[in-house]
Amino acid sequence: MRARVAAELERTRARSTALTDAVDDEDLVRQHSRLMSPLVWDLAHVGSQEEIWLVRDVGGAEALRPDIDDLYDAFQHRRSDRPSLPLLGPAEARGYVREVRTKVLDLLDSTPLEGRRLVSDAFAFGMIVQHEQQHDETMLATHQLRDGPPVLHDEAPPAPAVRALPDEVRVPAGPFTMGTSTEPWALDNERPAHEVHVPEFFLDTAPVTNGRYLAFLDAGGYDDPRWWSAAGWEYRQRAGLVGPRFWEHVDGRWMRRRFGHWEPVPPGEPVVHVSFHEAEAYAAWAGKRLPTEQEWEKAARFDPRSGRSLRYPWGDADPGPEHANLGQRHLRPAEVGAYPAGAAPCGAHQLIGDVWEWTASDFLPYPGFAAFPYREYSEVFFGSDHKVLRGGSFGTDAAACRGTFRNWDYPIRRQIFAGFRCARTPGADEIG
Ligand code: AVJ
Ligand code: FE
C-alpha cells in the first residue's frame, strides 16, 4: 500500500510538472480564459491542499505557509479574479510544491496505513492523488483554451477494432447496486452502495460521434427552438452558439482546433466540447433523451450473470491501455469501436474514457450520504445548478475514474472534455 501510494504521488506529480513545464513563465501566469485559473495557480493550489490535508491534518505538523491559505482557497476567489492576486511566481510555486512533497513522503513513511483510524489516513493520500489528477485535467483544458502553436504531444489513439456496432443496447428492467461502500479511493459523493430499481431502457452503444452531430447541425438544429429547453435556447441565443466549442466553419467544411492544431473534424470520433444544453437538444432532435445517472451506471456496472455491480464495465481489473482511453495518453477521443476489450456486459462501448458523458441528472447526494472529509468537497455543490457527468475523458487519470465516479458541472460549460450518448424508453411494442 505504502509503495503504491508513493508511486501514484510521483506519477501524478510528473504529469503536473509536464503540464506546467510545457509553457514559458509568461504563459504560466497568464489567464488563457476567464473560465480558468492561470496554470501557476493550479500548481500552487495542488501544493496548498496537500499541505492542509496531509502535512497539517494527517501529520499534525506545523503549517509551512499559512499566509497563502487564502490565495489558494477555491471558495475565496473566483477563477476570473485569480490573476490579480499576489500569487506565488513560477519559481516560488515550484519550490513550494516540492517542499510540501518532501514532508509528505516523510509522513507516508511514518504513518501506519492499517487499522481503524488510519484507514482514513490511507484514503487522505488517495484523495490527494485524485485531487492533483483532477487539477491536471483542468490544466489540460486550459492548454486546450490557450492560443498559439502546439506544445503538448501525443500518439494517435488506437483505430477502431470493430465497426458496424449496433446503434443501441437494451438494458432489462430490474434492481442493481449503485455507488460503493468498499471502493478504497471512492469519494464521499460515490457512497454508500444502495439498491436502485431501473425500468427497461435502450442506450446508445457508443457516444454520439462528430459525424452524427454534424447531421444535427446540417438539419438546422441550432436554429430550431423545438429541440431546446427554455434555458438551453436562451443560452444558445445569448452565447451565439453555432456548433461545438473550438469548431469553425471554413470554406464549406468544419474544422476544429485541438491543442493548437487546426484539423478537419473527424467524423468517427465522439463529439467533445458541447454543453449539457446542446447534448439535450441533439437528443430531442434524434427522438431520444439523455440517460439518467442511474441508467448510465447500471449500463456501466451491472453484470446480469452474477447480479453484481462491477468496478468497471470490463470487470474489476484496474484500467489498462486496452480497456479505455484515459490518462492523457492521447490528446483526443478515440473513434467508436477502438476499445472492444472495455465493453460492458450490456454491450455498450467506451463508457469509460474518451469523453465525459452528460447525464440528465442533477448532482444530488445518495441516501445515507455523509460528507467526508469536508463539506466543501461535494456537499456544497448538491442541488439543481449542476448536472452529473460520468465515465471520464482522455484527459482523466485512472486514479480519478471508476464506474462509480461522479463529476459535475454547470449545464452551460463547454471547455471540459464532455460529450454524451443518448437513451430512450422502449415503446409499447418493444417491451422485452
Ligand atoms: C469534481 C471536477 C468538479 O475541479 O471543480 C478540484 C474537483 N474539487 N478541487 C473541480 C475538485 C476541488 C472538481 N470537479
Ligand atoms: Fe482543488
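This is a predicted model: local features need pLDDT of at least 70, side-chain atom pairs count only at pLDDT 80 or more; totals for chains, interfaces and linings use all residues.
Residues are numbered from 1 along each chain as its sequence is written, and chains are lettered from A and ligands numbered from 1 in the order in which they are written.

**View 1. The surroundings of ligand 1.** The shell consists of His-131, Gln-134, His-135, Thr-138, Asn-407 and Trp-408, a residue being near a molecule if its C-beta atom, placed from the backbone, lies within 6 Å of it. Helix 5 (116-145) and strand 12 (407-409) each contribute at least two residues to this shell, and the largest share, four residues, belongs to helix 5. Sorted by class, the shell holds one nonpolar, five polar and no charged residues, where Ala, Val, Leu, Ile, Met, Phe, Trp, Tyr, Cys and Pro count as nonpolar, Asp, Glu, Lys and Arg as charged, and the others, Gly among them, as polar.

**View 2. Domain 1 against domain 2.** An automatic or database domain assignment supplies the bounds, dividing the chain into domain 1 (2-145) and domain 2 (160-432), whose C-alpha centres are 28 Å apart. In this view, 18 residues of domain 1 are in contact with 13 residues of domain 2, contact meaning that the C-beta atoms of two residues, placed from the backbone, lie within 7 Å. On the side of domain 1 that touches domain 2, helix 1 (2-21) and helix 5 each supply at least two residues, with helix 5 giving the most, 13 residues. The residues of that side comprise seven nonpolar, seven polar and four charged.

**View 3. The crossing of helix 7 and helix 8.** The axes of helix 7 (residues 230-239) and helix 8 (residues 276-285) come within 9 Å and cross at roughly 115°; axes are lines fitted to C-alpha atoms, for helices over the stretch in contact, and angles run from 0 to 180 degrees between N-to-C directions. Helix 7 contributes Ala-231, Gly-232, Tyr-235 and Arg-236 to the contact, and helix 8 contributes His-277, Glu-280 and Ala-281. By class, three nonpolar, two polar and two charged residues make up this contact.

**View 4. Two cis peptide bonds, at Pro-192 and Pro-373.** The bond from Arg-191 to Pro-192 is cis, with omega near -10°, and Pro-192 is placed in the loop between strand 2 (174-178) and strand 3 (194-198). Phe-372 and Pro-373 are likewise joined by a cis peptide bond, with omega about -5°, and Pro-373 sits in the loop between strand 10 (356-363) and strand 11 (383-390).

**View 5. Gln-328, a residue other than glycine with positive phi.** The phi angle of Gln-328 is near 60°, and the residue is found in the loop between strand 9 (308-309) and strand 10.
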